[in-house]
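The sequence and the structure are shown first.

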Amino acid sequence: MTSTGGRLVACLTWKVHCPAPVMSDVRPNNMNHAKPKLSCHPARLVRHDGGTSSFGGEAAHEGTQPADWKQPLHLVATLDAASEFFPLEVYPHATLPLYYPFASSSPLLQYRVKSDDEIEIIHVSCFQLDTRPMIETTLLPPFQADLVAFSYVEARAIALSSAFPSYELLPEDKRYIEDSEAYTSVMTGVNLRTFQGDISHTCRNRHCQSFDRTTTLNIFCIVPCSRELAPDPHWGNYPKFVDLIFGLCPFCGTLVSLNVST
Ligand SMILES: [Zn+2]
């Protein structure tokens with residue numbers, strides 16, 4: 001297992017952008033229209049009363065209750081699409097809700113946002129099992145926040161640490177990373193890289209040209225199960241070194257959430 005610092009630094013490695021696949025201008029309704037921006041500063045959610053994004057809270061959309069589940073999907077965060085640091089473009093709604101299937105016994109969720117009031121679950125990996133309840137709490141404690149970009153010196157220190165993990169950073173670079181809260185906050189950006197590297201995904205959207213084929217997710221948000229974000233009971237069985245990952249199918253633009261750990 002890598003050190004906590006090394007793990008989290010690796011989360012913030014952003015890659016050279018690869019052009020998205022060419023898609024038709026006219027897509028069926030069960031596609032999302034979102035795609036990653038070509039360029040967007042990496043950012044994190046910073047607590048701010050009156051902020052236009054948020055962390056946690058009650059599931060706020062229709063369609064969040066999987067059939068035969070005891071509880072709805074968990075709302076992890078809501079991103080303000082009007083923020084200059086919002087990582088997606090051609091996104092037709094005011095907010096982007098990030099849902100995660102904590103209760104699944106092998107969590108993986110694919111869904112699309114139909115409106116600011118409704119989502120549609122395309123696939124969820126496994127029904128909740130009576131014998132394996134993974135989490136009992138129904139929500140992550142909410143707070144308002146804004147997306148705030150990492151500064152140049154923060155990004156430089158993080159990138160250096162990630163590219164050369166055995167290189168001893170200068171004390172001021174370590175402070176830049178620590179003070180940035182990069183390792184304990186919700187992180188957004190374009191083509192973020194997890195500490196497991198690229199994440200492959202098999203699209204379950206039957207209307208996607210990549211249906212049932214494996215592609216690489218465009219990851220735009222990483223949420224560490226950080227106790228600074230929420231205290232222990234709210235993460236269920238998840239230790240703090242698990243990251244929740246949010247990405248897009250590069251072909252149909254639907255959202256995928258899963259987790260990675262060391
Ligand atoms: Zn797809």
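In this predicted model, the protein chain has three helices and 17 strands. Of its 262 residues, 40% count as buried. Among contacts between residues at least 6 apart in sequence, 71% join residues at least 24 apart.

Eleven of the strands form an open sheet, in the order E7-E5-E4-E10-E3-E11-E15-E16-E17-E8-E9, and their pairing is antiparallel. Strand E7 (95-100) and E9 stand at the edges; each has a single partner strand, so one side of each is left without a neighbour in the sheet. Within the sheet, strand E11 (residues 187-188) runs antiparallel to E15 and is joined to that strand by two bridges. Threonine 188 stands opposite cysteine 221 of E15.

| Strand | Residues |
|---|---|
| E7 | 95-100 |
| E8 | 109-113 |
| E9 | 119-124 |
| E11 | 187-188 |
| E15 | 218-224 |

In soluble globular proteins, nonpolar side chains tend to be buried together. The largest nonpolar core of this model has 56 residues, and those with the most contacts inside it are Val76, Ala77, Leu98, Tyr99 and Cys221. Strand E15 supplies the largest share of this core, five residues. Leaving aside neighbours within four places in sequence, tyrosine 99 is in contact with Thr64, Leu73, His74, Leu75, Val76, Leu109, Tyr111, Ile119 and Ser257.

Helix H2 (residues 152-163) has twelve residues, which at 1.5 Å a residue should span 16 Å; the end C-alpha atoms are 16 Å apart, which agrees. Glu154, Ala157, Ile158 and Ser161 of H2 are buried. These four residues cover an arc of only 95° around the axis, which puts them on the same side of H2. The face turned away from that buried side carries the exposed residues Tyr152 and Ala163.

Aspartate 117 lies in the loop between strands E8 and E9. Is this residue buried or exposed? Aspartate 117 has 11 other C-beta atoms within 10 Å; because a residue with 12 or fewer counts as exposed, aspartate 117 is exposed. Leaving aside neighbours within four places in sequence, aspartate 117 is in contact with His61 and Glu62. Histidine 61 is 56 residues away along the chain, and its C-alpha atom is separated from that of aspartate 117 by 4.7 Å.

Definitions and conventions:
Residues are numbered from 1 along each chain as its sequence is written. This is a predicted model: local features need pLDDT of at least 70, side-chain atom pairs count only at pLDDT 80 or more; totals for chains, interfaces and linings use all residues. A residue is buried if 20 or more other C-beta atoms lie within 10 Å of its own, exposed if 12 or fewer, and partly exposed in between; C-beta atoms are placed from the backbone. Two residues are in contact if their C-beta atoms, placed from the backbone, lie within 7 Å. A nonpolar core is a set of buried Ala, Val, Leu, Ile, Met, Phe, Trp, Tyr and Cys residues joined through C-beta atoms within 7 Å. The expected span of a helix is 1.5 Å times one less than its number of residues. The arc is that of the directions from the helix axis to the C-beta atoms. Two strands pair if DSSP finds at least two bridges between them.
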